[in-house]
Amino acid sequence: MEPSNAKKPVRRRNSKIKCLVWDLDNTLWEGVLLEDIQVKVKEGVVKIIQELDRRGILQSIASKNDYSVAIAKLDEFGLSEYFLVPQINWNSKSSSIQLIQQSLNIGLDTFAFIDDQPFEREEVAYMLSDVLCLDADQLEQLLNLPELMPDYVTEDSRQRRMMYQSDFQRKQAEEQFQGPQEEFLATLGMVIRISPAHSEDLHRAEELTLRTNQLNTTGYTYSLEQLETLSRSDRHKLLVASLEDKYGTYGTIGLSLVELGEEAWRLKLLLMSCRVMSRGVGSIMLQHLLLSAKQAGSRFQAEFVSNDRNRMMYITLKFAGFYEVSSMDETGVLLENDLSQVGGFPKYIDVQVMD
């Protein structure tokens with residue numbers, strides 16, 4: 001299948017799609033809803049939606065329609081639960097996709113959009129050149145498109161939509177909460193578990209290195225085979241972190257790799273899922289590593305490689321007491337922490353460290 005904007009000089013940083021945005025009329029279903037209330041779902045579409053959901057690919061809607069009528073029809077088809085933050089209105093499709101992107105907080109270059117109308121695809125391709133635009137005539141081949149085929153499906157992948165839905169509940173509760181954010185976080189009953197990465201964690205670990213761009217100190221990626229070797233190495237610490245609260249699990253949300261050198265421990269990679277950006281847990285794994293280095297009597301250094309999205313991780317390192325000691329290349333620097341100000345963990349979260 002050839003994407004409709006494949007011939008344009010479009011630079012897409014990611015090849016894998018994280019969210020597919022559907023048009024409704026003559027795309028998801030046959031016909032135009034406002035002209036015929038008895039529209040029918042296109043053959044094979046239900047299986048496509050369910051399979052993409054199983055693969056962990058999020059789905060949403062950008063449709064020019066009456067919201068209440070369209071949602072009622074999706075409810076009737078038993079499909080509404082599969083779509084996050086559907087944008088059903090009379091705005092441009094590109095503006096709807098931008099609102100979806102802001103709500104999901106993932107890069108536009110991980111979005112695909114499917115629509116039967118060439119005008120709508122062209123409008124999106126022109127306004128959002130990173131979005132992959134697909135013709136509804138190509139539905140039958142959709143599940144075979146490489147961009148929509150993850151290398152593997154993890155437990156976190158299968159639960160991804162539900163985890164986003166739980167997060168929307170948290171955000172709604174936060175908006176209604178009266179008081180400081182730290183008091184709200186204390187109401188969540190958060191528990192974070194930090195443990196060495198075992199074999200059952202490695203697929204998710206590899207997925208995190210490939211999917212996480214913003215809260216990522218270096219952007220280094222590691223194959224499954226490399227991660228298996230690192231998890232068994234006496235000269236490395238490969239740790240994962242999972243998080244849950246009263247609304248449910250966030251899944252595995254953090255990964256760190258430390259090289260245990262003779263002169264100093266060196267943080268090669270620290271990343272956190274963007275879904276926990278506002279939960280105040282970004283620095284907890286870092287504090288655990290600093291404390292471990294201090295107890296081992298080792299110096300602690302960290303590599304940082306800048307991209308156009310991960311400035312927040314540089315700030316996290318600076319707030320934790322790191323200072324630059326040398327440059328590695330045009331975009332990378334080496335930082336060090338003298339371990340004189342290693343702090344404790346926030347009181348609003350239960351930190352459990354597993355051996």
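Colleague: What makes you say that helix α8 (residues 202–211) is mostly covered?

Modeller: Seven of the ten residues in α8 are buried. Keep in mind that this is a predicted model. The buried ones are Leu202, Arg204, Ala205, Glu206, Glu207, Leu208 and Thr209, each of them under 20% relative accessible area.

Colleague: Which elements do the buried residues of α8 pack against?

Modeller: They pack against the helices α5 (155–158), α6 (160–176) and α9 (224–232), and against the strands β9 (236–245), β10 (248–260) and β11 (264–272). Packing here rests on heavy atoms within 4.5 Å.

Colleague: Let's stay with α6. Why is Asp167 called buried?

Modeller: Asp167, which is found in helix α6, has a relative accessibility of 6%. The cut-off for buried is under 20%, so Asp167 counts as buried. Leaving out residues up to four places away in sequence, Asp167 touches Tyr250, Arg275 and Arg279.

Colleague: And Asp53, why does that one count as buried?

Modeller: By the rule of under 20%, the 10% relative accessibility of Asp53 makes it buried. Asp53 lies in helix α1 (residues 45–54). Apart from neighbours within four places in sequence, Asp53 is in contact with Gln59, Tyr82, Ser157, Arg158 and Arg161.

Colleague: Let's turn to the strands. How do you know that Ile114 is buried?

Modeller: The relative accessible area of Ile114 is 0%, and buried means under 20%, so Ile114 is buried. You will find Ile114 in strand β6 (residues 111–115).

Colleague: What does Ile114 touch, not counting residues up to four places away in sequence?

Modeller: Ile114 touches Leu20, Val21, Trp22, Asp23 and Thr27, and also Leu134, Asp135, Ala136, Leu139 and Leu142. Take Leu20: Ile114 and Leu20 are 94 residues apart along the chain, and their C-alpha atoms are separated by 7.5 Å.

Colleague: Thr110 is found in the loop between α3 and β6. Is Thr110 buried or exposed?

Modeller: Thr110 is buried, as its relative accessible area is 1% and the limit is under 20%.

Colleague: Where does Leu339 lie, and why is Leu339 called buried?

Modeller: Leu339 lies in the loop between β14 (332–337) and β15 (349–353). At 8% relative accessibility, against a limit of under 20%, Leu339 counts as buried. Leu339 is not a glycine, yet it has a positive phi of about 65°.

Colleague: On to the rings. How many aromatic pairs does the count come to?

Modeller: The count comes to four aromatic pairs.

Colleague: Why is the pair of Phe300 and Phe322 called edge-to-face?

Modeller: Two values settle that. The ring centres of Phe300 and Phe322 are 6.0 Å apart, and a pair needs centres within 6.5 Å. Their planes stand at 65°; over 60 degrees counts as edge-to-face, so this pair is edge-to-face.

Colleague: What makes you say that this pair ties together parts of the chain?

Modeller: Phe300 lies in strand β12 (residues 299–305), whereas Phe322 lies in the loop between α11 (311–319) and β13 (323–327), so the pair ties together parts that are 22 residues apart in sequence. Phe300 and Phe322 are both buried.

Colleague: Stepping back, how many helices and strands does the protein have?

Modeller: The secondary structure comes to eleven helices and 15 strands.

Colleague: And why is the protein described as being as compact as a globular protein of that length?

Modeller: The globule rule gives 20 Å for 355 residues, and the radius of gyration is 22 Å, close to that value, so the protein is as compact as a globular protein of that length. Buried residues make up 52% of the 355 residues.

Definitions and conventions:
Residues are numbered from 1 along each chain as its sequence is written. This is a predicted model: local features need pLDDT of at least 70, side-chain atom pairs count only at pLDDT 80 or more; totals for chains, interfaces and linings use all residues. Side-chain values use heavy atoms; hydrogens and water are left out. Helices (H or I, at least four residues) and strands (E, at least two) are DSSP runs, numbered from the N terminus. The radius of gyration is taken over C-alpha atoms; the globule rule is 2.2 Å times the number of residues to the power 0.38. Buried means under 20% relative accessible area, exposed over 50%, partly exposed in between (1.4 Å probe, protein chains only). Rings of Phe, Tyr and Trp (its six-membered ring) pair if their centres lie within 6.5 Å; planes under 30 degrees apart count as stacked, over 60 as edge-to-face and the rest as tilted.
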